[in-house]
Structures are given as structure tokens and as C-alpha cells.
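Reader: I have a model on my screen and want to learn to read it. Please take me through it.

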Amino acid sequence: MRVISGKYKGRNIISPSHGVVRPTTDLVKGSVFSILASKAGVDGARCLDLFCGTGGMGIEALSRGAASCVFVDRDTSNAKVNLDRIGIDARTVCMEFRRALRLLRGERYDIIFCDPPYGKGFAEEAAELVLRYGMLDNGGIMAVEHSSNDLINFPQNCIIDSRVFGVTAVDFVMRGDDESDNSDICGNV
């Protein structure tokens, strides 16, 4: 695995031997960033890398000019190793995703990467919490990676794009434009 574009291009991202990590492939990563560039842009974005694993998505965003990224996982040691190796100073939150989202719920992000373990229902639950807590800034996008075999029930009018890459699918979710009523973002959440 490597950073594929930007100021850290070509830098290796390692997956240390401890823990179970399923890194996003370069093909999927490249496609996600191509879609993000066409819809919202990455330069100057405030990002959240939820279920960050090695930190590959957040590091890629920082490499492409994101202003900041918060890395969240129940074990952030893999991400910390890569952040340290590349020389990036970033905030990490080492806790279970529900608790982390409650902790961060006052913060707003332009881009949220969500790549939970497949087949556990975490993708749908995390997206629901992000929308309920109003964590996506106006025009923000959440890229939710999941197994292409999993049926994820996002509010339909929130999905702005979906792509399938073999066993991996990525749904791009956007919040509604009415900042005054976060309880009814994208329909009934």
C-alpha cells in the first residue's frame, strides 16, 4: 500500500503485524478520491477517518491538501505508526466508534471516510449516527465502504453516488442543506 497522490505520493503505508486490518486497495482509494474531487474537492477539507485501520484514507486526504484529519478506531496503533513514519501530526481517537462519534458530535467535517469491518452492520449504524449528530458540514460527503454483498439502508435521498469494485462497494452520502433541522437530514434518519 502507498500514498497515490499529493505531497506524500509514493510513501509506503504499512500494516503492522498486530491486529486485523483490511486496507483499502489503491484502485478503490483512487476512485474514491476521483469522485470526491469532482463533487466536493479535498483541498482544505476537514476530514474524519472512521475505522481508520492503517490510516490510509486520511493520510491520502492530507497528502492531497486536506486541512486536517481525525483518525478514529478502537485500536489506532496502526494509524499512529504510519502517521509517525510519514511525519504527520494528527489527532487520533482510540475508542469504539459509537463512543467516538458521541465525543466528536459537536465537530463538523467536509469529508468522512467510513470503512468498518464487513458484515457487522457498522456501516449503516455509523452513517446514521453521523447524520443524526449533524457531523457532515453543509455540502459534506461521507464515503462508506462495505461489502458489495451487504445491503446498506441509507435514506435513499442521501446517496449521491455508489460504486462497486468486486467484493467492495462504496456509497457516497451527503447531508441535506437545511442546517436548522439536523433531525430530518435526508428524510427520516
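Author: Start with pairing: two strands pair if DSSP finds at least two bridges between them. Helices (H or I, at least four residues) and strands (E, at least two) are DSSP runs, numbered from the N terminus. This is a predicted model, where local features need pLDDT of at least 70, side-chain atom pairs count only at pLDDT 80 or more, and totals for chains, interfaces and linings use all residues. Residues are numbered from 1 along each chain as its sequence is written, and side-chain values use heavy atoms, with hydrogens and water left out.

Reader: What is the bridge partner of Asp73 in strand 3?

Author: Strands of a sheet pair through backbone hydrogen bonds, either parallel or antiparallel. Here, Asp73 is partnered by Cys94 of strand 3. Strand 2 and strand 3 run parallel, joined by four bridges. Strand 2 also pairs with strand 1 (residues 46-50), in the parallel sense, over five bridges. There, Asp49 has Phe71 of strand 2 as its bridge partner.

Reader: In what order do the strands form the sheet?

Author: The order is 3-2-1-4-5-7-6, in an open sheet of seven strands with mixed pairing. Strand 3 (91-94) and strand 6 (159-165) are the edge strands, each pairing on one side only.

Reader: Which strands does helix 2 touch?

Author: Contact means heavy atoms within 4.5 Å. Helix 2 packs on the sheet and touches strand 1, strand 2 and strand 4. Its direction makes about 175° with that of strand 2. Such angles run from 0 to 180 degrees between N-to-C directions; axes are lines fitted to C-alpha atoms, for helices over the stretch in contact.

Reader: How do helix 1 and helix 2 pack?

Author: Two packed helices are described by the angle between their axes and the distance between the axes. Helix 1 (residues 26-39) and helix 2 (residues 56-63) pack at about 45°, with axes 11 Å apart. They are therefore oblique to each other (under 35 degrees is roughly parallel, over 145 roughly antiparallel, 65 to 115 roughly perpendicular, the rest oblique). Helix 1 contributes Lys29, Val32 and Phe33 to the contact; helix 2 contributes Gly56, Met57, Glu60 and Ala61.

Reader: How many residues of helix 2 are buried?

Author: Buried means under 20% relative accessible area, exposed over 50%, partly exposed in between (1.4 Å probe, protein chains only). Eight of the eight residues of helix 2 are buried, so helix 2 is largely enclosed by the rest of the structure. Its cover includes helix 1, strand 1, strand 2, helix 3 (77-86) and strand 4. Strand 2 (residues 68-73) is mostly covered too, with five of its six residues buried.
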